[in-house]
Amino acid sequence: MAQIFAYIIHKDGVIDDSAMELIVAAKKIDPAAPVTAIVAGSGVDAVCTEAASIYNEVWKIDNADLAYPNAEAIRKALVNIIPKGSITLIPHNTFGMDLGPGLSIKLDAAYAADVVDIEGADGNTLKLVRQEYSGMVSTHVTCDASDGAVITIRPGSLQPDESKSAGGNVTDKSGDAGDIGVNRRFIEVVEAEVGDVDITKSEVLVSIGRGIEDEENLEIANDLAKAMGADVSCSRPIVDAKWLEKSRQVGTSGQTVSPKVYMACGISGSFQHMGGIKGAPFIVAINKNPKAPIFQLADVGIVADILEFLPELTEAVAE
Amino acid sequence: MDILVCVKRVPDTSENEIEVNGSGSDIERDDLVYSVNEWDNYAVEEAIQIRDKVGGTVTVVTVGDDEAEEVLRREMAMGADNGILLSDDAFEGSDGKGIASILKAEIEKGKYDLIMTGTQADAGAAQVGGMLAAMLDLPFASLVNSIEVIDDKKLKVGREIEGGNQEMNEIDMPCVLSIQTGINEPRYVGIRGIRKVASIDIPVHSASDLGIDAGKVGEAAAKVKRTDYFVPDLGEGAEMLEGSTEEIIEKLVEMLKAKGGLK
Ligand SMILES: Cc1cc2nc3c(=O)[nH]c(=O)nc-3n(C[C@H](O)[C@H](O)[C@H](O)COP(=O)(O)OP(=O)(O)OC[C@H]3O[C@@H](n4cnc5c(N)ncnc54)[C@H](O)[C@@H]3O)c2cc1C
């Protein structure tokens with residue numbers, strides 16, 4: 001089997017959890033394959049040392065121009081060091097989505113995105129599991145890796161290996177990375193605005209999704225939240241429609257919350273939404289579709305129209 | 001500025017339950033309602049707003065069958081100037097790379113300053129924009145949630161990153177951007193608008209029109225292939241509360257009290 005590479009995400013010197021997940025993905029492809037971690041950035045020795053506690057081999061690309069991870073620059077470096085025919089694993093996060101597709105083209109390799117499970121390999125054919133239609137259906141996928149493959153793995157979908165006992169070697173590949181000049185220049189990161197309520201501190205959240213249907217119906221959620229002593233949060237379409245401010249959005253591109261109780265009302269349960277809920281709260285899902293994926297993730301489920309159910313619940317709570 | 005936006009006709013998940021058919025070979029397609037991929041709609045709106053500010057044209061293009069023409073007309077009713085349908089039996093079963101190669105062939109026939117795609121479509125792969133950029137050797141930014149035109153050579157774009165933060169970049173044109181929802185508020189398209197563009201001619205380009213080697217696209221060339229669909233098994237699943245609404249509410253209130261959900 002081909003050599004396997006895992007791209008390590010890190011920020012402010014801290015290694016991302018995905019580093020522990022990609023090693024699991026690599027072992028699922030081939031338990032015997034050599035797996036090399038790639039760490040790119042500026043001043044990354046400590047990150048390399050930590051990566052070497054997870055991987056047997058670590059390749060370092062240290063370059064002042066990589067102080068911020070620019071996917072175009074990193075792609076150029078990777079194309080110069082990853083041998084043709086290899087398998088490259090990347091997390092399916094906002095960086096992976098920026099890097100992965102173009103890298104597969106430049107390496108002339110197959111591309112499988114947002115993989116949630118790996119069922120092994122049959123010769124050069126990888127057997128993967130993906131989801132479509134926001135998680136409403138899953139698919140088995142084959143990936144012909146005979147000319148190599150780039151695979152992005154959905155964060156949180158594989159049980160991470162946290163043993164950290166690899167004792168790997170760090171090899172400096174900075175000189176081989178070549179020209180990394182770019183046509184897209186990083187300027188700055190603009191931090192999220194702070195809203196009127198800090199939902200990350202809320203103990204109880206009444207969270208609404210596209211099922212609320214209309215801006216006027218927000219009242220229904222506000223009333224319930226008031227009666228319960230809760231705060232209102234939401235899924236992304238509500239923020240996209242400008243019905244609530246971004247600071248109330250729960251999810252990977254919004255806030256990470258850890259309430260005691262999370263009431264998901266008219267929310268389907270996409271992974272980007274659920275990725276913002278930490279600390280195993282008691283999740284109540286109310287959805288009119290009995291097959292909504294949220295019912296697989298919640299503790300308690302109610303099949304109902306929230307526009308009718310929530311007002312009745314508010315009345316009962318108020319009593 | 002001449003802008004090309006790649007769009008796709010997809011099953012509308014807010015109008016349908018997506019279910020697996022009996023044999024697991026596909027989703028149940030009877031009675032499905034289709035629409036424009038949500039992310040693409042934001043991309044077209046953004047293109048129209050840029051054109052209205054700095055001048056130029058907006059062209060929408062899709063790879064699909066005859067029925068895909070309806071999404072082109074919808075986006076033209078929104079305000080796109082031209083539509084192009086890329087259609088050929090040879091395109092069927094293409095993977096992301098196949099679709100990107102078909103789009104690339106069309107793009108090379110024209111001259112565009114800016115090419116946009118939606119961040120992702122129904123399959124959730126978020127791949128076509130990035131592949132297209134690499135094939136065309138153009139700079140790329142994904143998950144774009146703001147665009148500011150600096151001059152005719154550069155844009156300032158915001159990318160959405162984790163935690164509600166935004167990464168600002170300057171990018172040279174021509175370039176490819178994949179557009180994230182929330183960048184704007186797509187305008188409403190009424191029946192009248194659709195009628196207005198109903199008789200506009202939409203050219204259809206086949207593999208031979210595009211000079212595409214049919215063996216390089218379609219199912220035979222696809223390295224990544226679906227073998228079946230199945231219902232995901234995500235975990236234990238929720239305890240479903242059943243009975244009359246009153247009974248359900250009574251049980252729920254008890255549970256909420258026990259879990260600290262009521263003050
Ligand atoms: C890079 C990226 C980042 C993202 N980040 C986030 C994020 O941070 N947070 C986030 O939420 N999403 C995020 N998304 C979007 C995410 O993929 C989903 O599109 C989104 O979470 C769907 O929101 P929803 O569940 O409210 O809507 P839908 O998926 O449309 O679900 C609506 C649900 O409401 C139900 N419903 C409809 N009417 C009623 C009714 N009257 N009563 C009861 N139920 C009803 C339906 O059955 C359905 O299950 C991101 C996407 C991308 C690509």
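User: Into which domains is chain B divided?

Analyst: Good place to start! Keep in mind that we are looking at a predicted model. Chain B has a domain 1 covering residues 2-221 and a domain 2 covering residues 239-263. Taken over C-alpha atoms, the centres of these two domains of chain B are 45 Å apart.

User: What does UniProt list for chain B and for chain A?

Analyst: For residues 24-214 of chain B, UniProt gives "domain: Electron transfer flavoprotein alpha/beta-subunit N-terminal", from an unreviewed entry. That stretch of chain B is 31% helix and 27% strand, with its end C-alpha atoms 28 Å apart. In chain A, UniProt places a feature of that name, also from an unreviewed entry, at residues 4-184. Residues 4-184 of chain A are 24% helix and 35% strand, and 29 Å lies between the end C-alpha atoms.

User: Now the sheets, please. How do strands of a sheet pair?

Analyst: The general idea is that strands in a sheet are joined through backbone hydrogen bonds, in a parallel or an antiparallel way. Here, ten strands make an open sheet with mixed pairing, ordered β13(A)-β9(B)-β8(B)-β7(B)-β10(B)-β6(B)-β1(B)-β4(B)-β5(B)-β11(B).

User: Which strands stand at the edges of that sheet?

Analyst: They are β13 (184-190) of chain A and β11 (204-205) of chain B; each has a single partner strand, so one side of each has no neighbour in the sheet. For a pair in this sheet, look at β1 (residues 2-6) and β6 (residues 114-118) of chain B, which run in the parallel sense over three bridges. Within this pair, B:Leu4 stands opposite B:Ile115 of β6(B).

User: In which order do the six strands of the other open sheet come?

Analyst: The order is β15(A)-β14(A)-β16(A)-β17(A)-β18(A)-β13(B), and the pairing is parallel. At the edges stand β15 (231-234) of chain A and β13 (239-240) of chain B, each with a single partner strand, so each has one side without a neighbour in the sheet. Strand β14 (residues 204-208) of chain A pairs with β15(A) in the parallel sense over four bridges. A:Val206 has A:Val232 in β15(A) as its bridge partner.

User: Where does the ligand lie, and how many residues surround it?

Analyst: The ligand lies between chains A and B. Its shell holds 31 residues, and the closest are A:Ser235, A:Gln249, A:Ser253, A:Ser268 and A:Gln272. By type, the shell divides into eight nonpolar, 17 polar and six charged residues. Helices α6 (236-240) and α7 (271-274) of chain A each supply at least two residues of this shell.

User: Which N or O atoms lie by the ligand's oxygen and nitrogen atoms?

Analyst: To read such contacts, check which atoms face each other and how far apart they are. A side-chain N or O atom of A:Gln272 is 2.6 Å from a ligand oxygen atom. A polar backbone atom of A:Arg236 is 3.0 Å from an oxygen atom of the ligand. For a nitrogen atom of the ligand, a backbone N or O atom of A:Lys288 lies 3.1 Å away. The ligand on its own has 990 Å² of accessible area, and the protein covers 91% of that.

User: One last topic, the backbone. Which peptide bond is cis?

Analyst: The bond from B:Met173 to B:Pro174 is cis, with omega near -5 degrees. B:Pro174 sits in the loop between β9 (166-172) and β10 (175-179) of chain B. For another backbone detail, look at B:Ala126, which has a positive phi of about 55 degrees although it is not a glycine. B:Ala126 is in the loop between β6 and α4 (128-136) of chain B.

Note on methods. Residues numbered from 1 in each chain as written. Chains lettered and ligands numbered in written order. Predicted model: local features only at pLDDT ≥ 70, side-chain atom pairs only at ≥ 80, totals over all residues. Heavy atoms only, no water. Domains from an automatic or database assignment. Near = heavy atom within 4 Å. Polar contact = N/O pair within 3.5 Å; in protein donor to acceptor, adjacent residues only side chain to side chain. Areas by Shrake-Rupley, 256 points an atom, 1.4 Å probe, with all protein chains shown as cover. Nonpolar A, V, L, I, M, F, W, Y, C, P; charged D, E, K, R; others polar. Pairing = 2+ DSSP bridges. UniProt positions renumbered as here; feature names shortened; annotations may be inferred.
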